[in-house]
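The exercises below are to be worked with the sequence and the structure in view. Each task is followed by a solution in steps.

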Amino acid sequence: MRRGLKALPAVLLVLALIGIWELYVDLKGPTFSLAILPSPHAVAKSLYHDRSLLWSSFLVTAQEVLLGILAAVVIGAALSVAIHFSPTLRRATYPLIVASQAVPVAVFAPVLAFWLGFGILPKLVVVAIVSFFSIVVTATAGLDAVDPDLIKLMRTFDASRLTTFRHVELPSALPSVFSGAKIAVAVSVIGAVFAEYTGSNSGLGYVILVSEPQLLVARAVAATVILSVFAIALFALLALAERLALPWAYGPREERGA
Amino acid sequence: MPAKGATTEMIEAPPKEPRELNAPDGVRIELVSRGFTTPRGRVEALAGMSLRADAHEVVAVVGPSGCGKTTLLELICGLQAPDTGSVRAAPAALMPQRDLLLPWLSAIDNAGLALRARGVSRDEARTTAAPWLERFGLERFEHTRPAELSGGMRQRVSFLRTLLAGKPVLALDEPFAALDAITRQEMQGWLAHVLASEPRTVILVTHDVEEAVMLADRVVVMSPRPGRTVAEMEITLARPRRRTDSAVVEYRETALAALGSET
């Protein structure tokens with residue numbers, strides 16, 4: 001009941017936007033709707049008619065995104081830890097990490113295709129590259145933000161550097177890693193689409209790529225809708241996982257002892 | 001508003017007979033100076049500070065804000081080295097001003113953190129901490145996270161964590177400053193009680209003169225920064241002490257006078 005009420009504003013806003021969109025396309029006439037921006041009901045129709053193509057394409061893209069984010073979290077977290085322990089490594093790699101975000105996917109995707117072929121691997125690499133940045137930045141910030149007094153305290157307890165990391169720094173940086181992963185979700189979907197543009201014959205990005213020239217804009221938008229919903233679902237899933245894994249980060253709302 | 005230039009007559013520490021240093025469990029700080037370079041220039045935290053605490057002695061250090069008390073404790077705990085002078089101290093565990101409990105750990109795991117830091121297993125640390133939590137009146141809160149504990153409970157867990165570090169010296173940095181007045185008085189009584197049964201060498205930094213007189217065997221009064229000892233009094237009263245006892249009030253007034261003449 002209360003959960004439903006919480007979602008109400010978002011649902012109303014989406015409905016209002018769809019209404020405005022429908023009205024706008026109707027006013028522009030049928031040519032506009034066919035070639036430039038389809039109306040919501042045309043998109044809905046495509047979602048239904050092309051459901052088997054969209055579903056199988058979605059499975060391909062979803063796999064790329066999920067595995068890519070997983071790789072980004074593993075590599076990003078490992079790199080953050082290394083950077084946290086080595087100021088030299090930080091100075092050496094940070095400019096490159098930032099630069100990796102400035103290079104457009106369209107530039108390096110063909111190189112990846114050349115090296116890794118047209119299978120899922122180059123897509124994973126693209127998704128991982130575009131999403132690992134936010135994870136590295138937030139995780140490093142999380143590790144840096146650990147209260148220096150806590151580190152001192154651990155030193156008076158004769159804790160080794162590694163013990164302090166394990167008991168104090170790692171747990172306190174976990175919420176930041178989750179934040180980074182949540183930011184990564186949105187860009188990783190875009191990354192997967194661009195990777196599919198460059199060399200593939202499946203996936204929602206491929207569907208978008210081939211639908212536009214065939215004047216199947218409704219199908220392209222339908223694929224986009226699925227991507228958006230997927231991103232929202234991933235984000236919500238991460239938020240849920242964070243709540244379950246790190247209940248302490250959410251204040252004393254949990255069960256009271258005894 | 002620190003009145004910088006207000007120099008009035010200083011109360012010198014009474015000359016002491018040089019005692020044999022009780023090396024194993026004591027603290028001896030001699031003419032220590034310690035400064036820091038900050039973006040706004042050099043800050044001298046301590047200048048010619050001396051302090052002595054024998055085994056199982058409770059020494060309270062009182063002084064105005066920013067007189068280098070925290071620096072003093074970090075020197076004792078070996079977190080800093082003096083620029084000049086000598087620091088000799090048995091191993092010391094710090095109880096920081098803020099409780100600094102780890103929000104993701106339950107009370108019992110926070111209490112056992114020092115054990116875990118030494119590589120003791122979680123189960124073993126819990127077995128060691130459990131009877132202490134009971135002694136400290138926290139047995140019902142073993143599995144409660146800090147966010148759900150009251151301020152007084154958090155300080156008790158924090159103190160227990162320091163105690164279980166197993167160091168002969170406890171360096172307490174304004175342990176009760178963040179508590180409300182009533183809880184603070186309760187906690188002072190509680191600490192006196194605990195120390196009576198678990199004697200340790202305690203360096204208690206506080207800005208509360210009454211707290212110092214209630215708990216300490218000796219009170220050391222520090223000057224404003226750069227800090228050094230300006231007065232020292234033995235508190236020879238029997239325990240438990242009462243706040244309203246005329247001798248306590250007298251000691252308090254003396255210490256306040258020593259402080260006041262310096263600020």
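Axes are lines fitted to C-alpha atoms, for helices over the stretch in contact, and angles run from 0 to 180 degrees between N-to-C directions. This is a predicted model, in which local features need pLDDT of at least 70, side-chain atom pairs count only at pLDDT 80 or more, and totals for chains, interfaces and linings use all residues. Residues are numbered from 1 along each chain as its sequence is written, while chains are lettered from A and ligands numbered from 1 in the order in which they are written.

**Exercise 1.** Determine how the axes of helix α9 and helix α11 of chain A cross.

Solution. Step 1: locate the elements. Helices (H or I, at least four residues) and strands (E, at least two) are DSSP runs, numbered from the N terminus. Chain A has eleven helices and zero strands; α9(A) covers residues 161–198 and α11(A) covers residues 217–245.

Step 1: compare the axes. They come within 10 Å and cross at roughly 160 degrees. Angles under 35 degrees count as roughly parallel, over 145 as roughly antiparallel, 65 to 115 as roughly perpendicular and the rest as oblique. The two helices are therefore roughly antiparallel to each other.

Step 2: find the residues that meet. Two residues are in contact if their C-beta atoms, placed from the backbone, lie within 7 Å. On α9(A), the residues include A:F178, A:V185 and A:V189, and those they meet on α11(A) include A:L227, A:L234 and A:L238.

**Exercise 2.** Describe which residues chain A brings to its contact with chain B.

Solution. Step 1: count both sides. Chain A provides 21 residues and chain B provides 23 residues.

Step 1: assign the residues of chain A to elements. Two or more residues come from each of α8 (148–156) and α9 of chain A. The most are given by α8(A), with seven residues.

**Exercise 3.** Is B:T183 buried, partly exposed or exposed?

Solution. Step 1: apply the rule. A residue is buried if 20 or more other C-beta atoms lie within 10 Å of its own, exposed if 12 or fewer, and partly exposed in between; C-beta atoms are placed from the backbone.

Step 1: use the count. B:T183 has 17 other C-beta atoms within 10 Å, so this residue is partly exposed. In chain B as a whole, 44% of the 263 residues count as buried.

Step 2: examine the surroundings. B:T183 belongs to helix α6 (residues 181–197) of chain B. The C-alpha atoms of B:T183 and B:G152 are 6.3 Å apart, although 31 residues separate the two along the chain.

**Exercise 4.** Which residues touch the most other members of the largest nonpolar core?

Solution. Step 1: define the set. A nonpolar core is a set of buried Ala, Val, Leu, Ile, Met, Phe, Trp, Tyr and Cys residues joined through C-beta atoms within 7 Å.

Step 1: name the residues. The largest such core has 81 residues, and B:I76, B:A171 and B:I203 touch the most other members. Beyond four places in sequence, the contacts of B:I76 include B:V27, B:V87 and B:V169. Another core lies apart from it, with 44 residues, among them A:V127 and A:I208.

**Exercise 5.** What is the mean pLDDT of chain B?

Solution. Step 1: pLDDT is the predictor's confidence in each residue, from 0 to 100. The mean for chain B is 83, and 90% of its residues reach 70 or more.

Step 1: over residues 1–22 of chain B the pLDDT is below 50. Where pLDDT is low, the predicted coordinates should not be read in detail.
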